[in-house]
Amino acid sequence: TVPITERKQLSLIPEAKINQQAAAAYEQFRKKTKLITKGSQLNEIKKIGKKIENSVSSFFINQGKDDPTKNFGWDYVLVDNDKVVNAWCMPGGKIAVYTGLLKITKNTNALSIVMGHEIAHAVAKHSVERASQAMTINIGTQVADIFLGGAINRTRNTIGQNTGMDIFRIGIFNPFGRKQETEADYLGLIFSSLAGYDIRESVKLWERMAEKNKGKEPPAFLSTHPSSAKRIENLRNWINKVMIEYPPIKA
């Protein structure tokens, strides 16, 4: 069950195994990537992260619930790449922010929205869910293909060659992805609010993001992310409720 949203999710793979694999991949990433190791931008990222860390833990402890981050090994890196507008959080709390993103966030409140969103993916164990879904789909496809004489793979390959699209990715993985992305938007807003940031900045952030992506966004049904317009609509609907129900918490 996802914390706060109470959504039921498939979980077939131990979280500890996913976190261990993520930690190993993260170390490889650190070794091979150009990082900014000091300065005000990195300090800001670490400060926001620490406030969200402490606020999330305090929230669940105050609620008398299990802290989903208790086994996280938090870490933060700033990637020196102005061309990439991105941030991510691996399972277990390994977080990377790219310098290209900072040109869009522009301020601390907006950066907290993005970091809250990425941390929400880890708190909600979306990687465990995705891996579990992939396991069931792969096993199911293999079994079905035996009875259908390979028809599934032949159809998948033919459509993929003709259209450049994978029908399994479009029909199965992306809908799950959009659900998880929307859930991370909602939980991230809560985490940012608990940490004391102004979540009203989220709408302005995504308006800036939409402007940057103008003419480049894929159709919503092909994207694992909600469209910027849909995202902004959701945020506007959530902001007041989140500010009232999840005010800043003394961590």
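In this predicted model, the charged end of Lys 51 sits over the ring of Tyr 197, 4.6 Å from the ring centre. That label needs NZ of Lys or CZ of Arg within 6 Å of the ring centre and within 35 degrees of the ring normal. Local features were kept at pLDDT of at least 70 and side-chain atom pairs only at pLDDT 80 or more, while totals for chains, interfaces and linings use all residues. Side-chain values rest on heavy atoms, with hydrogens and water left out, and residues count from 1 along each chain as its sequence is written.

On to the salt bridges. A search of the whole structure turns up 16 of them, each one a side-chain nitrogen of Lys or Arg within 4 Å of a carboxyl oxygen of Asp or Glu. Among them is the contact between Arg 231 and Asp 185, at 2.6 Å from N to O. Arg 231 belongs to helix α9 (residues 228-245) and Asp 185 to helix α7 (residues 167-194), so this pair ties together parts that are 46 residues apart in sequence. Helices here are DSSP runs (H or I, at least four residues), as are strands (E, at least two), numbered from the N terminus. Arg 231 has 2% relative accessibility and therefore counts as buried; Asp 185, with a relative accessible area of 7%, is buried too. The cut-offs are under 20% relative accessible area for buried and over 50% for exposed, with partly exposed in between (1.4 Å probe, protein chains only). Salt bridges also link Arg 231 and Asp 185 with Arg 130 and Glu 181 in a network.

Two further salt bridges can be picked out. Arg 208 and Glu 201 meet through their side chains at 3.3 Å, N to O, and Glu 201 counts as buried because its relative accessibility is 11%. Lys 214 pairs with Glu 211 at 3.9 Å, N to O; here Lys 214 counts as exposed, at 59% relative accessibility.

Then there are the aromatics. The structure holds seven aromatic pairs. Rings of Phe, Tyr and Trp (its six-membered ring) pair if their centres lie within 6.5 Å, and planes under 30 degrees apart count as stacked, over 60 as edge-to-face and the rest as tilted. Phe 59 and Phe 60 go edge-to-face, 5.3 Å centre to centre with 80° between the planes, and both are buried. Trp 74 and Tyr 76, in turn, are stacked, at 6.5 Å centre to centre and 5° between the planes. Tyr 76 counts as buried, at 9% relative accessibility. Elsewhere, ring pairs join Tyr 26, Phe 29 and Trp 88 into a cluster.
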